[in-house]
Each structure stands twice: as structure tokens, then as C-alpha cells.
Amino acid sequence: MTLRLVEFVVAGNEASDLLPVRSPALLAAHRARRGFWTVLDEGPVERCLALLLEHEDGGWSAQHVDADAGPENGRTEDGEALAHHDGWVYVFGSHFGSKGGPLRPRRAFVARFREDDAAGGRLPVRVVRNRFRLHRAVNDALAGAELAILRPGDRVRDRFIVETVARGTARAKGWVTRLAEGDLPLNVEAAAFTPDGIALLGLRFPVTVDGDPILVEVAGVPEMFEAGAWPRALGAYALTGVTPPGALTGFRAVTPLSDGGYAAIIGSIDALGKGSVLLDDHPQGGHVTSRHVRFRLEKAAGHLLPAELVADLAPFHHVEGLAEENGHCWYVTDETHRIALRIG
């Protein structure tokens, strides 16, 4: 596949995900014919929202969005995934930690905003920090799923789970009761909503023993904002047939398609050369290049979802988001001191 490159410089440089703009008012405000949201995961969510815009003359620009999370300003970090539902744009934190652990409560959040509100003035963003409630729900679902999950070694467990509990206990944090010794550290990297409002969360880690990426169904995400309820994990699934032999792949992005299916990017379970204890345990998950795949959420197939390979995006290891429309594909990659949008 031949890809055209468009480069941007915007506040922060680590772009995550790519979500098409649906608001005509927002596009009109920027005199753009097309646009995409991305999130820059190096700071709190209200400082990390950006637009990538194609203007009427065919030129592109990046626009950092001025946003306000009210009392939650400065209390989140590491936004990773974007998704549309019912007129809102949702932003999911990674729920993970640094490359060497421990888990960080600031990353266990979901935020949302009305896309039309970004057309003028400061964008109000609502944030709900779940204090490891989603971690607990997803871990319980994984434990009950008919999937063979790859278990990390003792070093990963100690760094991510044991150390997190120890820190929380020392600070008398109530969320320590939502962590258990046998838990898996979760790294949420991708999200999409089904038409009935169920969130599909793509995990970069964990993966199955066969190296396949895992998708988790989560109900109740909108209700977190409307009624103070907490999400419930309904089930877990693995994409099969698209992981290279002997490798481990996790989700990097997922997006719904017009035919009712989904497209996704899968790739490495963590970044190379940054001190990842996951890769110390599982080096076969680090050198994987990114792949564009498609699948359908066919529950009749049980917990295994057959997927098809659309494109091997080698040599790229860091494709962070995609969009598909009218036979065209857009990919955003995380580059050093820049954001790169690749168009195919």
C-alpha cells in the first residue's frame, strides 16, 4: 500500500487514536472539509485534545483544542482511545502505568464532551475517574472467559500489582480493595461503541497464550456520567488468524465500519527501548510491526472472533489510530517531535 504523508507539530508529540469529526458546525468553524480528533497522551486530558484538519484547498493543519475539565483539571493522564456515542466523544485512559510499573490511578478515567461544543470557545470536558473499578470488572471478566490468557512473570506482577497495592495501602486509599494479587495489569489502547451503547475496549495487554489480541465488552459507560453508576464487563473475545506466527499482538486502535463490522490496528504489546518489564518477560511482543485488520462481533463464534488481514503496515511499529471511508484509509503514527498522518 502506498501512503501519502502529512506531518504536524502540535503541543505534545505522542498522538493516540484517530476519530473522524462528525460535527458540521465544528468543521465549518475551521473552514475544513474533513477532520479527525486525536489525543496527545503526555498530560491531562484537557490539555491533550487536538484536531487534524483538511481545509477546502486541500491543505492540512493541526489545532490544539482549549478545554476545561473543571474540578478534574490536572488529575488525569495517558488518554489513549477515542470513540463516538450518542453525540458525545469519549476519551479512555490507558488504566496502565509506566513501562516499569506501578499502575497509576490517574490513568483510570473516562472523559467525554459534546463535539459541537468545540466549535467555539473553551471546550467543557467531563471526567469520571473510576479508581480501578474498571480494572476490577475487566479482570473478573477475563478470569471467567473461555480464553487462555498469557500470564506475566513475577516481576511484572510485583511491579504492577503488588507495588500498586503497597502504595495505596501506605496512603490509605480505598481503591486497594479493587486489586487482587492474581490480577493482570490492563493497558486499554482502543475503544468503539456498538449501536446499542456497549463499549468495546481493545487491550494492548494482556493477550492470549497464542498471542492474539483481546477485546472486552463493557456496559454502563454512559451511565458513569448520568447516574453515577459503574461499568460492567460483559465478556471477552480474542481476534484470531491475524497475529504473525510466534508473535504477540495487542490492540492499538479499533473503529466501527458502515457495514456493521470493525476495523482495527494490532501491533506490539509495548514499545521497544523504553525499559518495558512486559517485554523483558515477553520479547516476542516487541518487534511486531503494525497490521490493519477487520472483524465482526459474531457471538455465535463463542469467544474467538476470526479476523482478516487488510494490510501489513511494515515497517511501522507505532500506528496509533485509523479511519476508513469510501475506500480510503487514514493512519496516525507516533513520531519523534511530530504527528504523522498517512493516507492510503
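A: Happy to! Let's start with strand β13, residues 199-207, and its pairing with β14, residues 213-219: the two run antiparallel and share 6 bridges. Strands here are DSSP E runs of at least two residues, helices are H or I runs of at least four, and both are numbered from the N terminus; two strands pair if DSSP finds at least two bridges between them.

Before going further, a word on the basis: this is a predicted model, in which local features need pLDDT of at least 70 and side-chain atom pairs count only at pLDDT 80 or more, while totals for chains, interfaces and linings use all residues. Residues are numbered from 1 along each chain as its sequence is written, and side-chain values use heavy atoms, with hydrogens and water left out.

How enclosed is β13? Of its 9 residues, 9 are buried, so the strand is largely enclosed by the rest of the structure. Buried means under 20% relative accessible area, exposed over 50%, and partly exposed in between, with a 1.4 Å probe and protein chains only.

On one pairing, β13 meets β12 (residues 187-193), again antiparallel and again through 6 bridges. Here L200 of β13 has A192 opposite. The hairpin of β12 and β13 has 5 residues between the strands, and G197 adopts a positive phi near 90 degrees there.

N187 counts as buried because its relative accessibility is 4%. Beyond neighbours within four places in sequence, N187 contacts S94, F96, G202, L203, R204 and F205, where contact means heavy atoms within 4.5 Å.

Now the wider view. β13 is part of an open sheet of 8 strands with mixed pairing, ordered β12-β13-β14-β15-β19-β18-β17-β16. Its edge strands are β12 and β16 (250-256), each pairing on one side only. From one strand to the next, the twist averages 35 degrees.

Finally, helix α2 (residues 133-144) lies across β13, β14 and β15, at about 120 degrees to β14. Axes are lines fitted to C-alpha atoms, for helices over the stretch in contact, and angles run from 0 to 180 degrees between N-to-C directions.
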